Amino acid sequence: MRRPAEALPRFTRIETWVHRSTAAIVAVLFATGAILYVEQLSLLVGRRLLVEGTHIVAGLLLPLPALLGLWRSRELRADVHALGRMTPVDWEWLRRRDRRDAGLAVGKFNGGQKLASATVVGAGIVLFGTGLLLLAPARINLAVSVREGATITHDLFTFGLLFLLAGHIWIALRHPEARRALRTGVVDPAYAAREHAAWAAEQ
Amino acid sequence: MTTNHDDPALTGQPVGRRLVLGLMALGAAGVAAGPWVSRGLGAVSGALSKHDPTGLSSLIPGGGWRYYTVTDGFPYQPPSSYRLRVAGNVSRELTLTTSDLKGRPRTRLTSDFQCVTGWRVPGVRWEGVRLADLLDEAVPDSDQTAVQFVSYDGTYTESLTMAEARRPDVLIVDTLDGKPIGRAHGGPVRLLVAPMYGYKSCKWLSEIRVTDQLIPGYWEVLGYDQDAWVGKSNGRRDAPTG
């Protein structure tokens with residue numbers, strides 16, 4: 001496929017759908033989680049059972065878009081594979097202050113995107129698992145110390161993920177072209193050549 | 001995607017997998033070490049909350065007060081219209097206003113507040129009247145063995161044996177750290193069972209009922225211990241609070 005003058009295909013419809021639905025679920029989780037966690041918001045909103053129920057349902061749905069996407073989309077599986085591997089260029093990209101002007105042969109994803117995506121996945125799994133533990137006590141006889149551990153781990157990972165996602169959104173706001181790529185599935189070749197030179201050259 | 005060996009997707013170290021597995025291990029360690037982690041963080045934020053007019057320290061995980069209710073929300077009873085009933089098997093039912101409580105012999109007590117889920121607020125200053133005094137005033141019928149507490153949230157109940165209810169560190173409180181107890185902390189009036197886990201200290205208290213048998217409360221029905229002594233129940237080993 002060689003269409004230098006035109007927009008380069010970067011993400012499939014399934015991939016943009018996975019991103020968007022996961023983002024929506026995460027937004028619901030953060031909103032309801034904040035209401036449950038912050039006393040002032042709890043008192044302001046009331047409706048605790050509704051908020052709690054929404055948080056639980058959203059949490060259970062969280063892995064679904066990604067799993068469906070992995071099942072249906074070869075492109076997503078390939079992207080996940082690429083995201084999981086750090087090359088020497090990726091480490092160099094992370095190290096250099098002039099990373100965006102150094103003419104590095106960055107692949108489809110840069111080192112920052114790779115480390116951030118793995119961190120988000122790891123944190124997501126921990127939040128999902130501890131969330132399941134917190135659902136359990138009413139039904140099974142779970143030791144109180146396990147409940148306490150799950151609570152504190154859920155809280156701490158939420159704070160970690162909050163900072164990571166704030167950074168994610170901050171960087172996305174500074175790169176309208178990257179946002180457009182995830183919205184439309186195609187990217188401007190000049191932008192791709194600048195940010196993902198090795199990948200752009202392959203297209 | 002090309003498949004030659006220069007393809008960065010097929011070379012490089014599997015850092016992503018290591019990162020994911022590492023975070024999962026960290027999460028598992030967090031669950032295992034939870035009591036220790038949350039005690040450490042709790043000590044920090046509990047101490048901070050004493051000198052924090054903004055209330056922001058309550059956002060630190062693991063420590064400080066945490067707001068909880070088992071209901072879907074309910075109307076708050078402001079101090080002006082609040083009434084506390086002492087009823088059940090007694091000779092003299094009482095209906096008390098907040099100023100009735102203020103006019104009775106007052107007791108002050110400082111104790112840590114320990115939740116069964118782990119958080120602890122050190123050195124909370126409570127003020128109110130002894131439950132024993134109110135019971136004496138209402139004169140329980142003979143052979144009454146227990147006291148039930150009913151919250152005006154419409155759902156929550158708690159209970160103590162008569163002997164527990166008569167302890168000097170069991171109070172009906174309206175003041176917390178020198179201020180009237182607000183809505184979040186169970187105001188205007190709540191129970192305080194200082195030596196037991198927080199779930200015994202029924203918030204938004206509306207009625208005290210003397211009964212001839214112990215009626216398990218909201219959490220006891222769900223499997224938590226009836227005699228909820230801090231450090232000696234619910235499989236926990238916290239330092240005693242009162």
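Trainee: In what order do the strands of the open five-stranded sheet of chain B lie, and what makes some of them edge strands?

Mentor: The order is S2-S1-S10-S5-S6 of chain B, with mixed pairing. Strand S2 (94-96) and strand S6 (157-161) of chain B are called edge strands because each pairs on one side only, where pairing requires that DSSP find at least two bridges between two strands. From one strand to the next, the twist averages 15 degrees. This is a predicted model, in which local features need pLDDT of at least 70, side-chain atom pairs count only at pLDDT 80 or more, and totals for chains, interfaces and linings use all residues. Residues are numbered from 1 along each chain as its sequence is written, while chains are lettered from A and ligands numbered from 1 in the order in which they are written.

Trainee: How do you know that strand S1 (residues 84-88) of chain B pairs with S2(B)?

Mentor: Three bridges join S1(B) to S2(B); the definition asks for at least two, and therefore the strands pair. They run antiparallel, and Leu84(B) stands opposite Leu96(B) in S2(B).

Trainee: Which helix lies across S1, S2 and strand S10 (205-211) of chain B?

Mentor: Helix H4 (residues 131-138) of chain B does, running at about 135 degrees to S2(B). Such an angle lies between N-to-C directions, from 0 to 180 degrees, with axes fitted to C-alpha atoms, for helices over the stretch in contact.

Trainee: How do strands S7(B) and S9(B) run relative to each other, parallel or antiparallel?

Mentor: They run antiparallel and are joined by four bridges. Val170(B) stands opposite Val193(B) in S9(B). In S9(B), Arg190(B) and Leu192(B) point one way and Leu191(B) and Val193(B) the other way. In a regular strand the side chains alternate between the two faces of the sheet.

Trainee: Why is a set of residues called a nonpolar core, and how many residues has the largest one?

Mentor: Its members are buried Ala, Val, Leu, Ile, Met, Phe, Trp, Tyr and Cys residues joined through C-beta atoms within 7 Å. The largest has 46 residues, and those with the most contacts inside it are Leu171(B), Ile172(B) and Leu205(B). Its largest share, five residues, comes from S7(B). A second, separate core of 16 residues includes Phe157(A), Val15(B), Val20(B) and Val37(B).

Trainee: With which residues is Leu171(B) in contact, its neighbours within four places in sequence left aside?

Mentor: Among them are Thr107(B), Trp126(B), Arg130(B) and Leu192(B). Contact means that the two C-beta atoms, placed from the backbone, lie within 7 Å.

Trainee: How many residues does each chain bring to the contact between chains A and B?

Mentor: Chain B brings 43 residues and chain A 51. On the side of chain B, the largest share, 11 residues, comes from helix H1(B).

Trainee: How do you know what span to expect of helix H1 (residues 13-37) of chain A?

Mentor: The expected span is 1.5 Å times one less than the number of residues. With 25 residues, H1(A) reaches 36 Å from its first C-alpha to its last, close to the 36 Å expected. A helix is a DSSP run of H or I with at least four residues, and a strand a run of E with at least two, each numbered from the N terminus. By that count, chain A has 11 helices and two strands.

Terms used: Buried ≥ 20, exposed ≤ 12 C-beta atoms within 10 Å, placed from the backbone.
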